[in-house]
Structure formats: C-alpha cells, structure tokens
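Here are my notes for you to read alongside the model.

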Amino acid sequence: MPVVINSNATATASSQNLSRANDALRKSLERLSTGKRINSAADDAGGLSVAYKLNSKMNRTSSIIQNSQNALSYLQMQDSSLAAAGKIADRMGELRTMAQDITKNSGDIENYSKEFIELQGQLSQIAMEKFNGISLFSTGTGTASGTLNSSTGGGTYIDTDGTARTYDTFSRTLQTHDSGNTTDGSVSLNVINFKFMLSIGPVASNSTAAANLGNVGSGNPTTGKFNASGYINDIKEVSVGAFTDVIARIADMRAENGAEQNRVMQRLDLLQSNLTNIEAAHGRIMDADIALESTRFARHNILVQASASMTAQANQLSSVALSLIG
C-alpha cells in the first residue's frame, strides 16, 4: 500500500469497528440497567408483539382474581347472615315449643310472643343486609337494592314431606374468564330469596296470603293476627312444624352458598396458576439473562477500549509521510 496523506483507510476501518463495539456496549448497558432483553421494537419486533398480548392477559387475569376474591367475601358475608337467621329461627321454634307448656297461662304466652315479635324484626333487618351497597338477599320481587347484574329465574325446592315448591330465584353473574364472555367462564351467585326462605303459610282467618317470619316483602295485613309492622302477634298462630320447615330451607340455602364458595375457590386456584404461567412466559420473552449479558458487556467493553486504542494508532500512520518530506 502506498504511503499517502489525504486518505487513511486503516483509521476509517478502526473507527467503524469502534462505533459497532460502542453500540453493542450501549445495548448491553441498557439491558443490564432495565433487566429487559427487549427495550424497543427494533430489538425483537415479533417477541414484543407476543409479550404485549401476554402482558394484557396477565393484567386482566389479575383483575379477575380480585373480582373473584371480592365475590368470595360477598358469599362469606351472606353465609354469616344466614347463620344468624338460622339461630333466630331455632330460638323461635324453642319459644313456640315452650308456649305449649300446659303450666303456662296466657300472660306467660304473651311474654313469649313479645320476644317472638322482636325476633321477627331482627329477621327483617337481616334481609336488608348489604355488602358495599349490594344486597345480600332478595325480598321476593327483586333485590332490595343494588340490582346490578341481577337476573330472575325459577327454582324448585323439595319440602321435608316430599312436596315440590317453586319459587323465584335471583342471582348475580361473576365473570371468571379474561375474555369477558360468560360462555368461556362464569359463576352464578345466588341472591337468596328471603321471602320464600321464611314463608310459613296463612296464619290469620282474614288472610289467605302466605305469610313469612319477619314480613319480608310479603305485604301482610296489619289486622287480625298481625301488628302495625306486619309481624305475627301471637306465637301460637305458627305451628312448630313451620319452624322446622324454615330451618330446613335455611340449611338448604347455606348448602348452596357453601357450594358456590367452593366453586369460586377452585376457580381462584386455576386463575392463580394461569397467572403464574403467563408471567413466566412473558419473562422468557422480555427478561434479560443477566449472566449472559454481563459476559457480553465485558467482551464489548474490552472491544471498545481496544478499538479506541487502535483507532488512535491508525490516525498516526499518516505522520510517516511527514518524515519523508524535508
């Protein structure tokens, strides 16, 4: 190669090598500082597209898990209210049995009726219980309030004597799939019909309408055996068997509640497993291998320093021509 001054191909090549090594070093630094293998679409356009969709699915699944946990809290609160109603119905049956005592006079029975009336009022209040403003129960014609996502259907209940009874059912739908489609995954949560659960049949000679303990959504008359609040005045107007039937229906509703809780928990287990797997798949695409990248960083760092040194040496090659002049 001739000795020239105006051009220095060696220095130009060294400069290009330095530029490439410096770009590779900056990319390694970016990956090590962010922990991500893909920091821009230019790094891996196809991988970034898949990772975007996986990340969106991961966020939706996390939201569904939160919704399902809230639904589980709703069912647990519903169950605790049913447990309280069961205790009240049991106490009512106990009072009714004690009222049959032949040694009790009318004054004694009236005292039992006073507690009986108060317990009816407590049942009426339980029927109005809410979770975050959403009713836990229905009063027979719809939810008392918070009717979002409520639907009406028909149910059949078999009495202890084998008689089939139909009643209105109410429910809320919990979406359990990230697509948002009920066909892909959903759970129907029962909004318990308190009117049916506490129904005991007619109790007054001037009424053929079916009454219920607590006057929940029944519109009982306020004459005859009912007081101004629609509660039954005389405990002896209700048979002992009626309390047995009410307790059996409460047990049935609690069993359904428990079944729904178990289903929601099973769905939660699946969602959490799916979330773990999606997160792992997303990480395989997006996360940088720190051990591998640190090795590359060390190599690129050495190349940058070597290229810079060789570029400086190449820039001095033209000075040889000056020694020939003179």
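Is Glu237 buried, exposed or partly exposed? At 27% relative accessibility, Glu237 counts as partly exposed; buried means under 20% relative accessible area, exposed over 50%, and partly exposed in between, with a 1.4 Å probe and protein chains only.

1. A word on the basis. This is a predicted model, in which local features need pLDDT of at least 70 and side-chain atom pairs count only at pLDDT 80 or more, while totals for chains, interfaces and linings use all residues. Residues are numbered from 1 along each chain as its sequence is written, and side-chain values use heavy atoms, with hydrogens and water left out.

2. The partner of Glu237. The side chains of Glu237 and Lys225 meet in a salt bridge, 3.7 Å from N to O; the term stands for a side-chain nitrogen of Lys or Arg within 4 Å of a carboxyl oxygen of Asp or Glu. Both residues lie in the loop between strand S8 (211–212) and helix H5 (240–286), so the bridge ties together parts that are 12 residues apart in sequence. Helices (H or I, at least four residues) and strands (E, at least two) are DSSP runs, numbered from the N terminus. Lys225 is partly exposed, at 33% relative accessibility.

3. The structure holds 12 salt bridges. One of them joins Glu115 to Arg91, with the closest N and O atoms 2.8 Å apart. This pair links distant parts of the chain, since Glu115 sits in helix H3 (residues 106–126) and Arg91 in helix H2, 24 residues apart. Glu115 is partly exposed at 28% relative accessibility, and Arg91 is partly exposed with a relative accessible area of 28%.

4. Glu293 and Arg296 both belong to helix H6, three residues apart, which is about one turn of the helix. Their side chains meet in a salt bridge at 3.6 Å, N to O. Glu293 is buried, at 4% relative accessibility, whereas Arg296 is partly exposed at 31%. Please look at Arg31 here too: Arg31, Glu293 and Arg296 are linked in a network of salt bridges.

5. Aromatic pairs. A search of the whole structure finds five aromatic pairs. Rings of Phe, Tyr and Trp (its six-membered ring) pair if their centres lie within 6.5 Å; planes under 30 degrees apart count as stacked, over 60 as edge-to-face and the rest as tilted. Among the pairs is that of Tyr74 and Phe131, whose ring centres are 6.4 Å apart with planes at 85°, so the pair is edge-to-face. Tyr74 in helix H2 (residues 45–98) and Phe131 in strand S1 (residues 130–131) are 57 residues apart, and the pair links these distant parts of the chain. Tyr74 is buried, with a relative accessible area of 5%, while Phe131 is partly exposed at 25%.

6. Tyr157 comes from strand S4 (residues 150–158) and Phe196 from helix H4 (residues 194–197), 39 residues apart. Tyr157 is buried at 7% relative accessible area, and Phe196 is buried at 6%. Ring pairs link Tyr157, Tyr167 and Phe196 into a cluster. Arg249 lies over the face of Phe196, 5.5 Å from the ring centre; a charge sits over a ring if NZ of Lys or CZ of Arg is within 6 Å of the ring centre and within 35 degrees of the ring normal.

7. More on helix H6. His300 lies in helix H6 (residues 290–315) and is buried, at 11% relative accessibility. Leaving aside neighbours within four places in sequence, His300 is in contact (heavy atoms within 4.5 Å) with Ala21, Ala24, Leu25 and Ser28. Ala308 is in helix H6 too, and is partly exposed with a relative accessible area of 35%. The C-alpha atoms of Ala308 and Ala21 are separated by 9.7 Å, although these residues are 287 residues apart along the chain.
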